[in-house]
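Have a go at each task before you read its solution.

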Amino acid sequence: MRVLALVHGYPPARNAGAEWALHTLLRSLVARGHRVDVHLAGAQMPAEPYAVDGVQVHPIADAAGLLTDGDPVQVIVTHLRSTPRAMLLGELYRVPVIQVLHNDNAPERRWMTRRPALVVYNSEWVRRSCLDWWSGTQHDEAPAGIVVRPPVLAEDYATVPGDRVTLINLCANKGAATFWALAKRMPEVEFLAVEGGYGDQIVYDLPNVEVISHIPGHQMREQVYARTRILLAPSRYESWGRVAVEAMCSGIPVIAHPTPGLIESLGEAGVFVDREDLDGWEAQIRRLHSAEAWAQARAWALGRASELDPAADLHRWTSAVESLAGER
């Protein structure tokens, strides 16, 4: 089977959670012996083709050329702003399109009305939200869909935790204001600030905060999680919260704003505080600096990471793609 993914950004240049989630899905198809090509057209474009874990990436290649190069494409996969272009090519070349849906934002929901062959929701709450929206439209039955939670392979991230309180991505939506306010309040606590792969980064100079540049996903274990004792996730919106799951693979407790996605991903292992409640965040950080409280939170985090083992999700994904290809 040959799969063509149409995307606007891809690792290692683009290191957002959506890109790494998609890469893990495509990587699982390669592991089953399938050919996967990525057509890359967007920002941060490399000059030459390259490969990541067996996935072949073609920057600025002619997507139509990849569809007509003599090796038939059975399935097109797409997400985010590349979706309309993928839908059009699927219609023109009569190839079924899979829309990977990372959120319930208005553009992604509207693109569902182009009727992809399959919608892959990244969480149960996103599926419910999108289907509730669909039921209020004038359209017929919604496209077929499955839930595949962003797969995090523990062996890619598990390490011995460090001693820092960490935020990954210093943009406003991820909670940079909360992070910097806490660092200023707690000068005796060592913080780690990791610049993100997108968004305007908010950076200050505080003596107890080390700021490191954007880190490729393959290096997160050594450069971030091995230095982290507590992960902060004061995000305004998270449809799932991949970095929180990555951290839990090492038993790193996560303090999070209660978005629907973080509530679903962290489960009972999460420590939830409203992002505007600085007193609450400070209290939880101080509590987790106690050895006893941290050890208990670590056990819960490891337990939740085990519950989120992606084997079943990856099987659901690969089976769906192979079934779709076989229907042609």
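Let's sort residues into classes first: Ala, Val, Leu, Ile, Met, Phe, Trp, Tyr, Cys and Pro count as nonpolar, Asp, Glu, Lys and Arg as charged, and the others, Gly among them, as polar. This is a predicted model, where local features need pLDDT of at least 70, side-chain atom pairs count only at pLDDT 80 or more, and totals for chains, interfaces and linings use all residues. Residues are numbered from 1 along each chain as its sequence is written, and side-chain values use heavy atoms, with hydrogens and water left out.

**Exercise 1. The largest cavity**

Task: Find which residues line the largest cavity, and sort that lining by class.

Solution: 
- Step 1. Start with the idea: rolling a probe the size of a water molecule over the atoms shows where empty space is left.
- Step 2. On a 1 Å grid over the protein atoms alone, a cavity is a set of points where a 1.4 Å probe fits but cannot get out; a pocket is an open set with protein on both sides within 12 Å along at least five of seven lines; lining residues have an atom within 4 Å of a point. Grid points are joined across faces, edges and corners, and a volume is the space filled by probe spheres set on the points.
- Step 3. Count: there are 2 cavities of 30 Å³ or more. The largest cavity has a volume of about 50 Å³.
- Step 4. List its lining: A21, L25, V100, H102, V120, Y121, N122, V148, R149, P150 and P151.
- Step 5. Sort the lining of the largest cavity: you get 8 nonpolar, 2 polar and 1 charged.

**Exercise 2. The second largest cavity**

Task: Do the class count for the second largest cavity.

Solution: 
- Step 1. Its volume is about 50 Å³.
- Step 2. The lining of the second largest cavity is R149, P150, P151, V152, W240, V245, L308, P310 and D313.
- Step 3. That lining has 7 nonpolar, no polar and 2 charged residues.

**Exercise 3. The largest pocket**

Task: Say which element gives the largest share of the lining of the largest pocket.

Solution: 
- Step 1. The largest pocket has a volume of about 950 Å³.
- Step 2. It's lined by 46 residues, and the closest to its centre are A16, G17, K174, Y198 and E238.
- Step 3. The elements giving two or more residues to this lining are α1 (17-31), β9 (164-168), β12 (228-233) and α9 (242-248).
- Step 4. The largest share, 5 residues, comes from α1.
- Step 5. By class, the pocket lining has 21 nonpolar, 16 polar and 9 charged residues.

**Exercise 4. A helix pair**

Task: Work out how α1 and helix α13 (residues 311-326) cross.

Solution: 
- Step 1. The axes of α1 and α13 come within 10 Å and cross at roughly 65°. Axes are lines fitted to C-alpha atoms, for helices over the stretch in contact, and angles run from 0 to 180 degrees between N-to-C directions.
- Step 2. So α1 and α13 are roughly perpendicular to each other; angles under 35 degrees count as roughly parallel, over 145 as roughly antiparallel, 65 to 115 as roughly perpendicular and the rest as oblique.
- Step 3. T24, L25, L26, S28 and L29 of α1 meet L314, W317, T318 and V321 of α13, where contact means heavy atoms within 4.5 Å.
- Step 4. The residues of this contact split into 6 nonpolar, 3 polar and no charged.

Key:
Helices (H or I, at least four residues) and strands (E, at least two) are DSSP runs, numbered from the N terminus.
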